[in-house]
Amino acid sequence: MKYKTTDEWNNFSFTDAYVGDIQATSGFFHMELDNVKILSENSCNRDIRKMRTNGLVLKLEDYKIVSFIEEGYKLYDANGKPMKVVEDTVIEEKDYNSGLKELVEGVIYTLEKAEDTYIFSIDAVNERTYELKVQASHDVEEWERFFNLES
(Lines give C-alpha, C1' and ligand atoms only; values in the text may rest on other atoms or scores of the structure.)
Protein backbone atom coordinates (compact mmCIF):
# COMPACT_ATOMS: atom_id res chain seq x y z
CA MET A 1 0.00 0.00 0.00
CA LYS A 2 1.18 3.48 -0.82
CA TYR A 3 -0.09 5.35 2.27
CA LYS A 4 -0.09 4.15 5.85
CA THR A 5 -1.03 5.71 9.17
CA THR A 6 -0.99 4.32 12.70
CA ASP A 7 -3.35 5.38 15.49
CA GLU A 8 -4.96 8.05 13.29
CA TRP A 9 -8.52 6.67 13.13
CA ASN A 10 -9.78 10.10 14.26
CA ASN A 11 -8.23 11.73 11.16
CA PHE A 12 -10.69 9.81 8.97
CA SER A 13 -14.45 9.91 8.70
CA PHE A 14 -15.79 6.37 8.42
CA THR A 15 -19.43 7.49 8.30
CA ASP A 16 -21.07 6.07 5.15
CA ALA A 17 -18.05 3.86 4.42
CA TYR A 18 -18.95 0.69 2.51
CA VAL A 19 -17.72 -2.58 4.05
CA GLY A 20 -16.17 -4.66 1.27
CA ASP A 21 -14.69 -7.40 3.44
CA ILE A 22 -13.98 -8.34 7.06
CA GLN A 23 -11.36 -10.80 8.26
CA ALA A 24 -11.08 -11.71 11.94
CA THR A 25 -8.86 -14.75 12.34
CA SER A 26 -5.65 -15.83 13.99
CA GLY A 27 -4.84 -12.60 15.75
CA PHE A 28 -5.72 -10.06 13.06
CA PHE A 29 -8.80 -7.97 12.37
CA HIS A 30 -9.00 -6.33 8.94
CA MET A 31 -11.79 -4.41 7.26
CA GLU A 32 -11.64 -3.35 3.62
CA LEU A 33 -13.60 -0.13 3.20
CA ASP A 34 -14.69 2.13 0.34
CA ASN A 35 -15.84 5.74 0.52
CA VAL A 36 -13.68 6.64 3.53
CA LYS A 37 -13.12 10.37 4.00
CA ILE A 38 -9.56 11.46 4.77
CA LEU A 39 -9.61 14.61 6.85
CA SER A 40 -7.22 17.47 6.24
CA GLU A 41 -5.53 16.76 9.61
CA ASN A 42 -4.39 13.33 8.41
CA SER A 43 -0.59 13.05 8.33
CA CYS A 44 -0.63 11.72 4.74
CA ASN A 45 -3.08 14.31 3.39
CA ARG A 46 -1.00 17.05 1.79
CA ASP A 47 -4.11 18.84 0.64
CA ILE A 48 -5.91 21.39 2.82
CA ARG A 49 -9.29 19.84 2.18
CA LYS A 50 -11.11 16.65 2.97
CA MET A 51 -10.39 13.88 0.47
CA ARG A 52 -11.67 10.31 0.15
CA THR A 53 -10.42 6.88 -0.82
CA ASN A 54 -11.57 3.40 -1.76
CA GLY A 55 -9.90 0.13 -0.83
CA LEU A 56 -8.72 1.37 2.56
CA VAL A 57 -7.67 -1.48 4.84
CA LEU A 58 -8.35 -0.82 8.52
CA LYS A 59 -6.32 -3.14 10.74
CA LEU A 60 -6.85 -3.47 14.46
CA GLU A 61 -3.79 -4.97 16.14
CA ASP A 62 -3.95 -7.36 19.11
CA TYR A 63 -7.71 -7.36 18.82
CA LYS A 64 -10.45 -8.92 20.93
CA ILE A 65 -14.16 -8.68 20.17
CA VAL A 66 -15.71 -7.45 23.42
CA SER A 67 -19.33 -7.45 22.30
CA PHE A 68 -21.35 -8.02 19.15
CA ILE A 69 -25.02 -7.05 19.19
CA GLU A 70 -27.77 -7.17 16.59
CA GLU A 71 -29.80 -4.15 17.60
CA GLY A 72 -33.51 -4.51 18.24
CA TYR A 73 -36.31 -2.43 16.79
CA LYS A 74 -39.94 -1.43 17.21
CA LEU A 75 -42.54 -1.76 14.46
CA TYR A 76 -45.60 0.52 14.42
CA ASP A 77 -48.80 0.48 12.38
CA ALA A 78 -50.01 3.47 10.33
CA ASN A 79 -51.71 4.94 13.41
CA GLY A 80 -48.53 4.85 15.46
CA LYS A 81 -49.61 1.92 17.61
CA PRO A 82 -46.87 -0.60 18.47
CA MET A 83 -47.21 -3.85 16.53
CA LYS A 84 -43.96 -5.63 17.33
CA VAL A 85 -40.94 -5.18 19.58
CA VAL A 86 -37.70 -7.03 18.86
CA GLU A 87 -35.09 -6.83 21.63
CA ASP A 88 -31.34 -6.57 21.08
CA THR A 89 -29.70 -9.93 20.38
CA VAL A 90 -26.24 -10.63 21.74
CA ILE A 91 -24.24 -12.63 19.22
CA GLU A 92 -22.34 -15.41 20.96
CA GLU A 93 -18.62 -15.85 20.42
CA LYS A 94 -19.14 -19.12 18.53
CA ASP A 95 -21.28 -17.19 16.00
CA TYR A 96 -18.88 -14.25 15.44
CA ASN A 97 -17.72 -15.44 12.01
CA SER A 98 -21.24 -15.82 10.61
CA GLY A 99 -22.25 -12.52 12.25
CA LEU A 100 -19.32 -10.69 10.68
CA LYS A 101 -20.34 -12.03 7.27
CA GLU A 102 -23.67 -10.21 7.73
CA LEU A 103 -21.74 -6.92 7.87
CA VAL A 104 -20.06 -7.36 4.47
CA GLU A 105 -21.64 -4.99 1.92
CA GLY A 106 -23.09 -2.97 4.79
CA VAL A 107 -22.43 0.68 5.58
CA ILE A 108 -20.76 2.09 8.66
CA TYR A 109 -23.10 4.46 10.46
CA THR A 110 -20.56 5.48 13.11
CA LEU A 111 -17.11 4.52 14.35
CA GLU A 112 -16.12 5.82 17.75
CA LYS A 113 -13.34 5.00 20.15
CA ALA A 114 -13.47 4.81 23.94
CA GLU A 115 -9.99 4.24 25.39
CA ASP A 116 -8.78 1.09 23.60
CA THR A 117 -12.19 -0.01 22.28
CA TYR A 118 -13.42 0.73 18.75
CA ILE A 119 -17.23 0.89 18.56
CA PHE A 120 -18.73 0.26 15.13
CA SER A 121 -22.38 0.81 14.29
CA ILE A 122 -23.04 -0.85 10.94
CA ASP A 123 -26.20 -0.97 8.84
CA ALA A 124 -26.14 -4.41 7.22
CA VAL A 125 -27.77 -5.49 3.96
CA ASN A 126 -30.27 -7.61 5.92
CA GLU A 127 -31.80 -4.28 7.04
CA ARG A 128 -30.54 -4.70 10.60
CA THR A 129 -28.08 -2.59 12.54
CA TYR A 130 -25.18 -4.14 14.46
CA GLU A 131 -22.97 -2.76 17.18
CA LEU A 132 -19.50 -4.28 17.23
CA LYS A 133 -17.01 -3.42 19.97
CA VAL A 134 -13.42 -4.40 19.30
CA GLN A 135 -10.62 -3.87 21.78
CA ALA A 136 -7.21 -3.32 20.17
CA SER A 137 -3.79 -1.91 20.97
CA HIS A 138 -3.43 0.05 17.70
CA ASP A 139 -5.23 0.91 14.48
CA VAL A 140 -3.45 0.94 11.14
CA GLU A 141 -4.91 2.39 7.95
CA GLU A 142 -3.50 1.63 4.51
CA TRP A 143 -4.68 2.83 1.12
CA GLU A 144 -3.44 3.45 -2.41
CA ARG A 145 -4.74 6.83 -3.55
CA PHE A 146 -6.63 10.01 -2.75
CA PHE A 147 -9.79 11.05 -4.59
CA ASN A 148 -11.51 14.43 -4.64
CA LEU A 149 -14.81 14.66 -2.85
CA GLU A 150 -17.71 15.56 -5.07
CA SER A 151 -18.98 19.07 -4.26
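This is a predicted model: local features need pLDDT of at least 70, side-chain atom pairs count only at pLDDT 80 or more; totals for chains, interfaces and linings use all residues.
Residues are numbered from 1 along each chain as its sequence is written, and side-chain values use heavy atoms, with hydrogens and water left out. Local features need pLDDT of at least 70 and side-chain atom pairs count only at pLDDT 80 or more, while totals for chains, interfaces and linings use all residues.

**Aromatic pairs**

The structure holds 9 aromatic pairs. Rings of Phe, Tyr and Trp (its six-membered ring) pair if their centres lie within 6.5 Å; planes under 30 degrees apart are stacked, over 60 edge-to-face, and the rest tilted. Two of the pairs are shown here.

| Pair | Type | Centre to centre | Angle between planes |
|---|---|---|---|
| Phe-12 and Trp-143 | edge-to-face | 5.4 Å | 90 degrees |
| Phe-68 and Tyr-96 | tilted | 6.0 Å | 55 degrees |

Phe-12 sits in strand β2 (residues 12-13) and Trp-143 in strand β15 (residues 138-143). The pair links distant parts of the chain, 131 residues apart. Helices (H or I, at least four residues) and strands (E, at least two) are DSSP runs, numbered from the N terminus. Phe-12 and Trp-143 are buried, meaning under 20% relative accessible area with a 1.4 Å probe, protein chains only (exposed is over 50%, partly exposed in between). Phe-12 and Trp-143 also belong to one aromatic cluster with Tyr-3, Phe-14 and Phe-146.

Phe-68 lies in strand β8 (residues 64-70) and Tyr-96 in helix α1 (residues 96-103), so this pair ties together parts 28 residues apart in sequence. Both residues, Phe-68 and Tyr-96, are buried.

**The largest pocket**

Tyr-96 also lines the largest pocket, and other lining residues include Ala-24, Lys-64, Asn-97 and Leu-100. On a 1 Å grid over the protein atoms alone, a pocket is an open set of points where a 1.4 Å probe fits, with protein on both sides within 12 Å along at least five of seven lines; lining residues have an atom within 4 Å of a point. The pocket holds about 180 Å³ of space. Its lining takes two or more residues from each of β8 and α1. Helix α1 gives the most, with 3 residues.

**An open sheet**

Strand β2 returns in an open sheet of 4 strands, ordered β2-β5-β6-β16 with antiparallel pairing. Two strands pair if DSSP finds at least two bridges between them. Strands β2 and β16 (147-148) stand at the edges with a single partner each, so one side of each has no neighbour in the sheet. Strand β5 (residues 36-38) pairs with strand β6 (residues 51-53) over 3 bridges. Ile-38 has Met-51 in β6 as its bridge partner.

Definitions and conventions: Grid points are joined across faces, edges and corners, and a volume is the space filled by probe spheres set on the points.
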